[in-house]
Amino acid sequence: MTAGPSKTIAPVEIGGKLVGPDQPVYVIAEIGLNHNGDVAIAKQLIDIAHEAGCDAVKFQKRTPEISTPADMRDVQRETPWGTMSYLDYRYRVEFEEEQYTEIDNYCSKLGMHWFASPWDVPSVEFLANRFDVVTFKVASASVTDLELLTAMKNTGKPVILSTGMSTLEEIDKAVETLGTEKLVMMHATSTYPMPAHEANLRTINTLRERYGVPIGYSGHERGLQISLAAVALGAVTVERHITLDRTMWGSDHSASLEPEGLRHLVRDIRIIEEALGDGVKRVFEGELKPKARLRRVG
């Protein structure tokens, strides 16, 4: 499966915003489970994302009795709420309709997009039917779950596909299932936190040429440099986990950006967008005086 480097890549519309080449980078702040089951924390993180200038916040939605592996359900886990089974923990941090209604109303007032990565078919139906989310995000762990991908495809909504922990052959099957008309892909490496030598950012171009769809970047590294380099290499969307404090309890906090880091990320993405220009070589107005003063010939 290859689109070829000369194929024109059309943008994908997500909630009224175009995501693709020559469009502003669509910045996603992934809250995921970093709300630790608390809507108040979720709202704080939404505020942080909005103030930083992000386009969207993203959550994760599970039906725990379906998405929790059978061999993990009874495993005991130490949590801030005491020792409990892994399945009970999943229920403890899962938002349901009441909490997502609060989130939906809160984001609407701010003009923020919100959506989630559904981990099972009932979660797809929940997000599409009860909240009409602007898009779905396929988590890297779900790339091979073709039943889940088919459910997302059948909603008619755009889909953002992360590609971490996946071979090209696995991604080929996912793309065949989803189609390319409303597809945005994200280069990702699913190591938490991700070391620089695993970033492999040139894969952005590999995916663009192979599939002919807009390609973004979902990062799990510490710091900003790799995400900013992805933008310079043509990533049309950037997703990073966010947290109030990287020392908080939970598996994703350590690989997340704190508020100041998120603000700097969005600021620097916008500077890079402006600096990339249109590729037409020209003499700028600011060069005219130095040219007259310094050039001796011609």
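Predicted model: local features only at pLDDT ≥ 70, side-chain atom pairs only at ≥ 80, totals over all residues.
## The nonpolar cores

Let's begin with the inside of the protein. In soluble globular proteins, nonpolar side chains tend to be buried together. Here the largest nonpolar core holds 77 residues. Val57, Phe59, Ile103, Trp114, Leu161, Met185 and Leu262 are the ones that touch the most other members. Helix 1, which covers residues 39–52, gives the most to this core, with 8 residues. Another core lies apart from it and has 5 residues, among them Leu33, Met84, Tyr86 and Val93.

Leaving aside neighbours within four places in sequence, its contacts include Val57, Phe59, Tyr100 and Ile103. Tryptophan 114 also contacts Asp104, Cys107, Leu127, Phe131, Val133 and Val134.

## Aromatic rings

How many aromatic pairs does a search of the whole structure find? The search gives 12. One of them joins tyrosine 86 and tyrosine 89, with 5.8 Å from centre to centre and 40° between the planes, and this pair is tilted. These two tyrosines are 3 residues apart in helix 3 (residues 86–93), so about one helical turn separates them. Both tyrosine 86 and tyrosine 89 are buried.

Tyrosine 89 has a second ring partner to look at, tryptophan 249. Their ring centres are 5.7 Å apart; because their planes meet at 85°, and an angle over 60 degrees counts as edge-to-face, the pair gets that label. This pair links distant parts of the chain, since tyrosine 89 is in helix 3 while tryptophan 249 is in the loop between strand 12 and helix 10, 160 residues apart. Tyrosine 89 has a relative accessible area of 5%, so it is buried, whereas tryptophan 249 counts as partly exposed because its value is 28%. Elsewhere, Phe59, Phe95, Tyr100, Trp114, Phe126 and Phe131 form one aromatic cluster.

## Charges over rings

Arginine 77 lies over the face of tyrosine 89, at 4.4 Å from the ring centre. The charged end of arginine 62 sits over the ring of tryptophan 119, 4.0 Å from the centre of that ring.

## A pair of strands

Strand 5 (residues 76–79) and strand 6 (residues 82–85) pair in the antiparallel sense, with 4 bridges between them. A hairpin of 2 residues connects strand 5 to strand 6. Which residue of strand 6 stands opposite glutamine 76? That residue is serine 85.

## Histidine 253

Histidine 253 belongs to the loop between strand 12 (237–241) and helix 10 (259–276). Is histidine 253 buried or exposed? It counts as buried, because its relative accessibility is 0%.

The side chain of histidine 253 makes a polar contact of 2.7 Å with the side chain of threonine 243. Another polar contact, of 3.5 Å, joins the side chain of histidine 253 to that of asparagine 36. Not counting residues up to four places away in sequence, histidine 253 touches Asn34, Asn36, Thr243, Asp245, Arg246 and Met248.

## Valine 283

Finally, look for valine 283 in the loop between helix 10 and helix 11 (285–294). Valine 283 and serine 108 are 175 residues apart in sequence, and their C-alpha atoms are 45 Å apart in space.

Definitions and conventions:
Residues numbered from 1 in each chain as written. Heavy atoms only, no water. Buried < 20%, exposed > 50% of the residue type's maximum accessible area, 1.4 Å probe, protein only. Polar contact = N/O pair within 3.5 Å; in protein donor to acceptor, adjacent residues only side chain to side chain. Contact = heavy atoms within 4.5 Å. Phe/Tyr/Trp six-rings, centres within 6.5 Å; stacked < 30°, edge-to-face > 60°. Lys NZ or Arg CZ within 6 Å of the ring centre and 35° of its normal. Core = buried A, V, L, I, M, F, W, Y, C linked by side-chain atoms within 4.5 Å. Pairing = 2+ DSSP bridges.
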